[in-house]
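Have the structure open and try each task before reading its solution.

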Amino acid sequence: MTESEIRDAVREAAKLAKASNPLTPSITNTVTINFVANAQLAVGGSAAMVYLPDEGVSMAKAGASMYINVGTLFPIYAETLPKTAAVLHEEGKPWVLDPVAIGMGQMRTDLLTTFKVYKPSIIRGNASEIIALAGLWGLEGGSDTSDVRGVDSTDSVRSAAPAAVAVARWTGGAVAISGEEDLITDGRQLVFSQGGSEMMPCITGTGCSLGGVMAVYAAVADPFIAAITGSAVYNLAGTRAAAHAKGTGSFQTDFIDELYVATPDAIAQNPLTVEEA
Ligand SMILES: Nc1ncnc2c1ncn2[C@@H]1O[C@H](COP(=O)(O)OP(=O)(O)OP(=O)(O)O)[C@@H](O)[C@H]1O
Ligand SMILES: Cc1ncsc1CCO
Ligand SMILES: [Mg+2]
């Protein structure tokens, strides 16, 4: 796609999300669950957070798309997550995976291994998480030794590009890596989305809620455009919120305000560059 075609598709995705209020259920971590729901609502989605196996399955069927984040696991998720992912895959529903803290604990490793065959439409993580996921799935650019250090990244966004491309080629969807600039790839092109603020990594859940917002856009656009639209609105809202926030506490509320007021035109005009993979 040309840069101008991408911008047109982003504008349309942002408009459609507000117009259609898609149901975008989530199974996500307990640290940031409220932030995820509020961010989804701010961009036009309808949020519903669930935990139980039968609820995950019924939401996978009822939702327009879904968000799965493995940040804080509980024993019940060993049943909920594979069942839900299988239904999403069978029904051809778009879904977003955030492989938070990949490498921590056997249950997380087992679940993330299982997701390989269910091909998440968008995988969103920081650079270290994407390198580690490619490693776990035996794909190019991956590494077992990627230093995930809990939920934070120690690798640069660009260093994770080969892993992101390999994972996107495997799933046939998109992979998005967040950082100072965000990288989004469909395995053919690389889009770099700029903006945001140094305050964003100082608030827990900017990445989690970005995944939830990408799931809202995935209900109305293909995975590549949905991921680019999510990064664009985050970078735009982050830049604007930082211009008046006193610190990270008020930044979070200002950020939700800016997500809510961002227009499709402003989202489509946010700085981005396009490269071939
Ligand atoms: N240094 C930075 N400058 C500008 N924007 C940033 C910076 N770091 C992160 N961001 C933005 O913050 C958002 C979340 O990215 P981040 O990499 O912090 O996610 P994460 O580490 O998965 O977060 P969490 O796990 O706490 O939810 C993205 O929109 C990204 O562009
Ligand atoms: C801090 C934290 N711990 C587990 S999940 C989470 C939210 C950011 O990924
Ligand atoms: Mg994260």
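**Exercise 1.** How many bridges join strand β3 to strand β4, and do these strands run parallel or antiparallel?

*Solution.* Keep in mind that this is a predicted model. Start with β3 (residues 66–69) and β4 (residues 95–98): four bridges join them, and the two strands run parallel. Next, look across the pair, where asparagine 69 stands opposite aspartate 98 in β4.

**Exercise 2.** Find the order of the strands in the open sheet, then its edge strands.

*Solution.* Walk across the nine strands and you read β2-β1-β3-β4-β5-β6-β7-β8-β9, with mixed pairing. At the edges are β2 (46–49) and β9 (272–276), each of which pairs on one side only. Ignoring direction, neighbouring strands of this sheet are turned by 20° against each other on average. Helix α3 (residues 53–62) packs on the sheet and touches β1, β2 and β3.

**Exercise 3.** Classify the packing of helix α8 against helix α9.

*Solution.* First take the axes of α8 (residues 206–218) and α9 (residues 223–244): they come within 8 Å and cross at roughly 135°. An angle over 145 degrees would count as roughly antiparallel, so α8 is oblique to α9. The crossing is right-handed. Then list the contact residues, including Leu210, Val213 and Met214 of α8 and Ala226, Ala227 and Val233 of α9. By class, the contact of α8 with α9 has ten nonpolar, two polar and no charged residues.

Definitions and conventions:
Residues are numbered from 1 along each chain as its sequence is written. Chains are lettered from A and ligands numbered from 1 in the order in which they are written. This is a predicted model: local features need pLDDT of at least 70, side-chain atom pairs count only at pLDDT 80 or more; totals for chains, interfaces and linings use all residues. Axes are lines fitted to C-alpha atoms, for helices over the stretch in contact, and angles run from 0 to 180 degrees between N-to-C directions. Angles under 35 degrees count as roughly parallel, over 145 as roughly antiparallel, 65 to 115 as roughly perpendicular and the rest as oblique. A crossing is left-handed if the near helix is turned anticlockwise from the far one by less than a right angle, and right-handed if clockwise. Two residues are in contact if their C-beta atoms, placed from the backbone, lie within 7 Å. Ala, Val, Leu, Ile, Met, Phe, Trp, Tyr, Cys and Pro count as nonpolar, Asp, Glu, Lys and Arg as charged, and the others, Gly among them, as polar. Two strands pair if DSSP finds at least two bridges between them.
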